[in-house]
Amino acid sequence: GFYISGQTNSYSVPATNLTIFFVGRQNSTSGANYILDIVSSSVAFGLNLNMNGSNYWYKQGATLYPGATHSGNVYATWMFNDGANPEASLYVNGVLNQSNSSFNSLSASYTCFQIAQACSGGGPTNFYGEIAEILFYSRALTTKERQNVELFLKNKWGL
């Protein structure tokens, strides 16, 4: 996994608006497979992007936002927008799976930022699968921008 420890957001992961694209697949459906984990000094501002079984989901603090079940190669998009109309959304293979307007703002004071492994917790916390690509944007993309990136990733990886 990719691990940053003991630093305060040294890679400038945005605190409010964020778009994350993931391309890959899960090889094991045992436990939570952490794609990304961001934790601040206040766990309520943590962000976990996971596959649990074959269900993609994200969690902030203790609130779980599940998406639909998928298997095989996928491209998933998580968008977080703290603007005038706050919204957090999960798209899998270009289809909206989950959207809500009541989520915590992300925090800039990260104590841990990891890819393919959870910052802490019991049970399986690694990602058991294959990651072809992860892209970060420091803003919530427009619908057209999101669709263009998804189309690019879909074509690039033969999905």
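Which side chain makes a polar contact with the side chain of serine 99? That of serine 89, at 3.4 Å. By polar contact I mean a pair of N or O atoms within 3.5 Å; within protein, one must be able to donate a hydrogen and the other to accept it, and residues adjacent in sequence count only if both atoms are side-chain atoms.

Ground rules. This is a predicted model: local features need pLDDT of at least 70, side-chain atom pairs count only at pLDDT 80 or more, and totals for chains, interfaces and linings use all residues. Numbering starts from 1 along each chain as its sequence is written, and side-chain values use heavy atoms, with hydrogens and water left out.

Overall: 1 helix and 11 strands. These are DSSP runs, numbered from the N terminus: helices are H or I, at least four residues; strands are E, at least two. Of 159 residues, 43% count as buried.

Back to serine 89. It sits in strand β8, residues 87-92. Serine 89 counts as buried because its relative accessibility is 4%. Buried means under 20% relative accessible area, exposed over 50%, partly exposed in between, with a 1.4 Å probe and protein chains only. Beyond four places in sequence, serine 89 has contacts (heavy atoms within 4.5 Å) that include Tyr58, Trp78 and Leu96.

Now leucine 96. It lies in strand β9, residues 95-100. At 46%, leucine 96 is partly exposed.
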